[in-house]
Structure formats: structure tokens, C-alpha cells
Amino acid sequence: MYVWIRNERGEVRMNDKPIPPVIQIVGYSNTGKTTLITRLIPLLSEEGWKVGTVKRHAGELELDEPGKDTWRHRESGADRVAITARNQTAVIFSRPLGLDELLEHHRGMDLVLVEGFKGASYPKLLMAGEEADLSLIRELTNVRGVVSPVPLEGKGIEVPQYFRDDTDGVAEVVKRLAGLKK
């Protein structure tokens with residue numbers, strides 16, 4: 001049962017479910033972050049876990065088509081525009097949201113896989129396509145493992161290494177980091 005409350009700012013919020021565990025998949029561009037996530041989702045979903053995702057896009061993003069109704073709503077000054085159809089719903093905010101704000105919308109999920117947001121403090125798996133990518137280990141917080149297509153032993157890695165093509169093994173690591181048990 002959902003319980004809705006109005007907070008001190010007048011916002012109505014659902015308070016019955018906590019924000020789910022978050023595992024970040026981080027790394028430089030073209031290291032396989034999206035590929036790994038799209039392989040993990042069906043494995044975790046087949047086990048009955050409800051998986052949400054958040055993706056950080058580095059550039060500009062336009063989801064709406066200029067001239068269409070929701071675009072016109074936003075251009076008229078709406079801070080938030082929602083559109084729903086038979087197959088999906090989209091809510092467009094007229095500003096960028098931080099990761100914690102985005103996670104509020106994932107209540108009720110068992111796990112959220114986050115692609116990017118390197119500066120956040122959630123547990124991370126670092127995608128390393130090559131040895132040079134390992135420099136991120138020293139720059140990031142809470143790195144719990146490195147996922148790579150090639151062995152990187154002897155490279156000064158102080159966290160466990162997992163092979164990119166061992167999706168089942170990486171899924172087990174994600175479940176362990178998230179505290180998921182069945």
C-alpha cells in the first residue's frame with residue numbers, strides 16, 4: 001500500500017519505500033558500460049528483481065520535438081511536463097537533476113544500476129578497457145571492483161577484477177554489493 005504525505009514544502013511524496021540499493025557502473029567513454037548494464041538487466045530481472053536504471057549523458061539532451069504540444073508547454077515556462085501514452089510515460093524537467101533526486105523516482109525497485117555520475121559515493125564497478133583507464137581508481141570513491149575485457153593483474157589494482165564477458169559472475173557481484181538475497 002502506498003502512503004502519500006505532503007512535506008513542509010507542500011510536495012506530495014510516497015513514504016512507504018526506501019530508495020533501493022544503487023550500484024554504479026563507471027568508466028571512460030566506449031569501455032562497455034551500457035553493454036554491461038543491458039546484459040545485467042535481463043539476468044537480474046529473470047530472477048525476479050525489479051531493476052531501475054539512471055544514465056548520465058555528458059552533452060545536451062532534447063527528448064521533445066520542437067513545435068509539439070509538450071515542447072510548447074515547456075517553452076511557455078512549465079518547470080515540469082508529463083506526457084503519457086498507451087506504452088509509456090515521460091516526465092521532462094526543465095533543469096538537470098542530481099542523482100539523489102533521480103533516485104527518488106526509483107522507489108519500489110529492488111536495485112538501481114547507475115551509468116556514470118562518477119562523483120557520487122555509491123558502490124562502483126569501474127569499466128577499464130585498457131590499463132590507462134585504471135587511473136580512475138585513484139580519483140573515485142567506493143570502487144569495489146574493476147571490470148575489464150583483458151587481465152590486468154600486476155597493474156597495482158587493489159580491488160577485485162572481473163571479466164567483462166562473465167556477465168553471470170558480474171551479476172553475482174552486483175547482487176552481493178546491493179545486498180540482494182533470494
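# Report on a predicted fold and its contacts

E139 is exposed, with a relative accessible area of 55%, where exposed stands for over 50%, buried for under 20% and partly exposed for what lies in between (1.4 Å probe, protein chains only). The model is predicted, so local features are given only at pLDDT of at least 70 and side-chain atom pairs only at pLDDT 80 or more, while totals for chains, interfaces and linings use all residues. Residues are numbered from 1 along each chain as its sequence is written, and side-chain values rest on heavy atoms, with hydrogens and water left out.

## Overall composition

The protein holds five helices and ten strands, both taken as DSSP runs numbered from the N terminus (helices H or I, at least four residues; strands E, at least two). Of its 182 residues, 37% are buried. The protein exposes about 11,500 Å², and carbon and sulfur atoms supply 49% of that area (Shrake-Rupley method, 1.4 Å probe, with only the protein chains shown counting as cover for residues). When contacts (heavy atoms within 4.5 Å) between residues at least 6 apart in sequence are taken together, 52% of them join residues at least 24 apart.

E139 itself belongs to helix α4, residues 136–139, and its C-alpha atom is separated by 9.1 Å from that of G119, a residue 20 positions away along the chain.

V51 sits in strand β4 and, at 17% relative accessibility, counts as buried. Residues up to four places away in sequence aside, V51 touches I41, L44, S45, M109, L111 and L113.

## The largest pocket

The largest pocket contains about 1,100 Å³ of space. Its 24 lining residues include K55, L61, L63, L97 and L102, which are the closest to its centre. On a 1 Å grid over the protein atoms alone, a pocket is an open set of points where a 1.4 Å probe fits, with protein on both sides within 12 Å along at least five of seven lines, and lining residues have an atom within 4 Å of a point; points are joined across faces, edges and corners, and the volume is the space filled by probe spheres set on them.

Strand β6 gives the most to this lining, namely five residues. By class, twelve of the lining residues are nonpolar, six are polar and six are charged (nonpolar: Ala, Val, Leu, Ile, Met, Phe, Trp, Tyr, Cys and Pro; charged: Asp, Glu, Lys and Arg; polar: the others, Gly among them).

## Salt bridges

The count of salt bridges comes to six, the rule being a side-chain nitrogen of Lys or Arg within 4 Å of a carboxyl oxygen of Asp or Glu. In one of them the side chains of D165 and R39 meet at 3.8 Å, N to O. D165 lies in the loop between β10 (161–163) and α5 (167–178), and R39 lies in helix α1 (residues 33–46), so this pair ties together parts that are 126 residues apart in sequence.

In another, the side chains of K175 and E47 meet at 2.7 Å, N to O. Here K175 comes from helix α5 and E47 from the loop between α1 and β4, so the pair ties together parts that are 128 residues apart in sequence. Both residues also belong to a network of salt bridges that links E47, E172 and K175. The side chains of R95 and E101 form a further salt bridge, at 2.9 Å, N to O.

The table gives the accessibility of the residues in these pairs.

| Residue | Relative accessible area and class |
|---|---|
| D165 | 63%, exposed |
| R39 | 38%, partly exposed |
| K175 | 9%, buried |
| E47 | 36%, partly exposed |
| R95 | 44%, partly exposed |
| E101 | 34%, partly exposed |

## Backbone with positive phi

Most residues other than glycine have a negative phi. N30, which is not a glycine, has a positive phi of about 65 degrees; its place is in the loop between β3 (22–27) and α1, and at a relative accessible area of 82% N30 is exposed. F117, likewise a residue other than glycine, has a positive phi near 55 degrees. F117 lies in the loop between β7 (111–115) and β8 (124–127), and its 16% relative accessibility makes it count as buried.
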